[in-house]
Amino acid sequence: MKSLYELAVLLILSVAQQCVQSYSSSYKYIMADFKRCQREKPDVVLWVQGRLLDQQRRAVIRELLANKRAWPKDIRVTTFFAVGMCNSRKAHVSLQYEFEVFKDILQNDYHG
């Protein structure tokens, strides 16, 4: 029999998954790994809104908040960084590389 905590986590994950599916169908995503939560089954999802050019800020957050060592061993944490568009080809290539390495970037065209 599942504990109250386990049932609450399952409910939260179910609601979160429905929100992500709804959100993902409402906007045009350039980069996203929406199956990441299904694979990792996190207890905590950190959703960080920022600018595409904030690469150093994302690196600090990955090291301090998104680092698995910063959390109790039985808590699984997944981080997503939501960013918009930029006209710079160089910035886009850099973001694409960051996405390939960390799989935590959600790039969205909020205007299109």
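## D104 and its surroundings

D104 touches R36, R62, T79, F80 and F81, leaving aside residues up to four places away in sequence. The model is a predicted one. D104 sits in the loop between helix 4 and strand 4 (105-109). Is D104 buried or exposed? Its relative accessibility is 3%, so D104 counts as buried. One of its contacts is polar: 2.7 Å joins the side chains of D104 and R62.

## Salt bridges

Side chains of opposite charge can pair when their charged atoms come close. How many salt bridges does a search of the whole structure find? The search finds 10. The table shows some of them.

| Pair | Distance, N to O |
|---|---|
| R57 and D54 | 3.8 Å |
| R62 and E98 | 2.9 Å |
| R69 and E63 | 3.9 Å |

Take R62 and E98, whose side chains meet in a salt bridge. R62 lies in helix 3 (residues 55-64) and E98 in helix 4 (residues 89-102), so the pair ties together parts that are 36 residues apart in sequence. R62 is buried, with 12% relative accessibility. E98 is buried too, at a relative accessible area of 2%.

The side chains of R69 and E63 also meet in a salt bridge. R69 has 71% relative accessibility and therefore counts as exposed.

R57 is partly exposed, with a relative accessible area of 40%. D54 is buried, with a relative accessible area of 17%. The cut-off for buried is under 20%, so the 17% of D54 falls within it.

Which residues of helix 3 are buried? They are R58, I61 and R62. These residues cover an arc of only 100° around the axis, which puts them on the same side of helix 3. The buried residues pack against strand 2 (44-49), strand 3 (77-83), helix 4 and strand 4.

Now turn to the other face. The face of helix 3 turned away from its buried side carries the exposed residues Q56 and L64. L64 belongs to helix 3. Its relative accessibility is 56%, so L64 counts as exposed.

## Residues in the loops

Some loop residues deserve a look. F34 is found in the loop between strand 1 (28-31) and helix 2 (36-40). F34 is partly exposed, with a relative accessible area of 30%. How far apart are the C-alpha atoms of F34 and L106? They are separated by 8.8 Å. Along the chain, F34 and L106 are 72 residues apart.

K41 is in the loop between helix 2 and strand 2. K41 is not a glycine, although it has a positive phi of about 45°. K41 is partly exposed, with a relative accessible area of 49%.

K103 is in the loop between helix 4 and strand 4. What is the phi of K103? The value is near 55°, which is positive in a residue other than glycine. At 31% relative accessibility, K103 counts as partly exposed.

## The whole chain

Step back to the whole protein. Its secondary structure comes to four helices and four strands. In what order do the elements run from the N terminus on? The order is α-β-α-β-α-β-α-β.

The protein has 112 residues, and buried residues make up 29% of them. The accessible surface comes to about 7,900 Å². Carbon and sulfur atoms account for 60% of that surface.

Sequence distance matters for reading the contacts. Consider contacts between residues at least 6 apart in sequence: 75% of them join residues at least 24 apart.

Terms used: Residues are numbered from 1 along each chain as its sequence is written. This is a predicted model: local features need pLDDT of at least 70, side-chain atom pairs count only at pLDDT 80 or more; totals for chains, interfaces and linings use all residues. Side-chain values use heavy atoms; hydrogens and water are left out. A salt bridge is a side-chain nitrogen of Lys or Arg within 4 Å of a carboxyl oxygen of Asp or Glu. Buried means under 20% relative accessible area, exposed over 50%, partly exposed in between (1.4 Å probe, protein chains only). Helices (H or I, at least four residues) and strands (E, at least two) are DSSP runs, numbered from the N terminus. A polar contact is a pair of N or O atoms within 3.5 Å; within protein, one must be able to donate a hydrogen and the other to accept it, and residues adjacent in sequence count only if both atoms are side-chain atoms. Contact means heavy atoms within 4.5 Å. The arc is that of the directions from the helix axis to the C-beta atoms. Accessible areas come from the Shrake-Rupley method with a 1.4 Å probe; for residues, only the protein chains shown count as cover.
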